[in-house]
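Open the model in your viewer and follow the stops below in order. Each one says what to select and what is there.

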Amino acid sequence: MSTALLLTIAVASVLILLLLVIKAKVHPFVALLVVSLLVAIATGIPADNIMKVISAGMGGLLGSITIIIVLGAMLGAIIECSGGAESLAQRFTQALGIKRTVAALTMAAFILGIPVFFEVGFIIVIPLIYGFTKVARVSPLKYGLPMAGVMLTVHVALPTHPGAAAAAGLLGSDMGWLMLLGIAVSIPVGVVGYFVAKAMNRRQYQLSVSVLEQLQLAKPEGSQSAKDEQAPGAWLISSLIVVPIVLIVVGTLAHSVLPEGNVIRQVLTLVGTPAIALLIALALSAWLLGLRRGWSRDKLSDLLDRAIPSSAGVILVAGAGGAFGKVLVESGVGKALALSLETINLPLIPAAFLLSLALRASQGSATVAILTTSGLLTQAVTGLSDMQLVLVTLSACFGGLGLSHVNDAGFWVVTRYLGLSVADGLKTWTVLTTAMGLTGFVLVWLLSAVL
């Protein structure tokens, strides 16, 4: 099948998906499956392989995020029901004020994003976002958009995450310089993202009913889910949120520093996996916020049961997004796009950015976009200096930051938890990630003229 036809099918599939979800009001899970099926048929994937590809795409993604989303929802439910999120939010808001609180939480999200994967970190901070939203009585987008944007920036740009690390290996970039320059560029990118999100929050967005109910924004001003004197302290809540982060960081360090076969390394690596770290934090929260404070086992069990349905929608839609992305990859759309861009013969730094950005838009995964771009450029970068190699790698990484839309599982996680419709998600999250990606690229290109 020709490159032009494959690209036409890819564009048409996204347009059909948007029409189904926005105009026809088809549930995103169903719409994603229908469009995945249509793309598979149109691109000539054998009939007996179509469902295998769709299942593999959905299963591959759900295998990595289902446990995390469910445990994160349970942890959030306990913190929320105890009044802890509101207690922490009130303490911070009184000390800093709303404007400074948003900036402080965005900086905290930057630090959190260095060791923790984007989806994991965002799910961990969701209780905080909801708690601050209820205290300040503002939209969750005020906190959620800048925090999610800066966490995704760190996720794509630093070699503590798989995309940047593997790209450095493929292109032969120095890992130390990649880390230093990645942080140096990510800081101003995060600042730009903060102000872009701030500008977006000047208008009002219609939130989903489920998020409105969870936030209880319609409650009278004076009502609370738990009385202040009964709510756990801000330091306890902060500690419980930090527990999984610390465990993940320690596990990562142990895996890198301690020798293979070391018992301590094996134990710390196990407890440092996101699922186990969240499970430990959940157990601590159940005891410290629930059972120790007089909750019955029945109350705790019912609360955890109620947390599961609220996460089911996020899981299903994200999984269907993974299926759509897998079909686009298997159909050859990504390769066709890469080949068409290679023929333009751009300079390496803009070529790496545009190629990665196009691949990100076509198949959804930032990591896949970065890795594919790096693989395609391995021959082209021969003879470059060490610093130029690092800058080409960073350019590819920031290309993977932009254009997060309906074929990206992260798009659905962010928009569902923040209560955005698909149309508003495209106006906010997609625009925000693209603005931050472009900022990163411009800074990298400017550095290339200096270094």
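**Aromatic pairs**

This is a predicted model, and eight aromatic pairs are counted in it, taking ring centres within 6.5 Å. Select Phe118 and Trp429: the two rings are stacked, 6.0 Å centre to centre with 5 degrees between the planes. Phe118 belongs to helix α6 (residues 118-136) and Trp429 to helix α20 (residues 422-450), so this pair ties together parts 311 residues apart in sequence. Both Phe118 and Trp429 are buried.

Next, select Phe122 and Tyr417, an edge-to-face pair at 6.4 Å centre to centre and 65 degrees between the planes. Phe122 lies in α6 and Tyr417 in helix α19 (residues 409-418), so the pair links parts that are 295 residues apart in sequence. Phe122 counts as buried at 0% relative accessibility, and Tyr417 counts as buried at 9%. Show Phe118, Phe122, Tyr417 and Trp429 at once: they form one aromatic cluster.

**The core**

Which members of the largest nonpolar core touch the most other members? Of its 134 residues, they are Ile78, Phe122, Ile129, Tyr417 and Trp429. Helix α3 (residues 47-81) supplies the largest share of this core, 16 residues. Now centre on Ile129: beyond its neighbours within four places in sequence, Ile129 contacts Phe122, Pro140, Tyr143, Gly144, Met147 and Leu418.

**Helix α2**

Move to the buried residues of α2: Pro28, Ala31, Leu32, Val35, Ser36, Val39 and Ala40. They cover an arc of only 165 degrees around the axis, which puts them on the same side of α2. After α2 comes Gly44, with a positive phi near 85 degrees.

Note on methods:
Residues are numbered from 1 along each chain as its sequence is written. This is a predicted model: local features need pLDDT of at least 70, side-chain atom pairs count only at pLDDT 80 or more; totals for chains, interfaces and linings use all residues. Side-chain values use heavy atoms; hydrogens and water are left out. Buried means under 20% relative accessible area, exposed over 50%, partly exposed in between (1.4 Å probe, protein chains only). Helices (H or I, at least four residues) and strands (E, at least two) are DSSP runs, numbered from the N terminus. The arc is that of the directions from the helix axis to the C-beta atoms. A nonpolar core is a set of buried Ala, Val, Leu, Ile, Met, Phe, Trp, Tyr and Cys residues joined through side-chain atoms within 4.5 Å. Contact means heavy atoms within 4.5 Å. Rings of Phe, Tyr and Trp (its six-membered ring) pair if their centres lie within 6.5 Å; planes under 30 degrees apart count as stacked, over 60 as edge-to-face and the rest as tilted.
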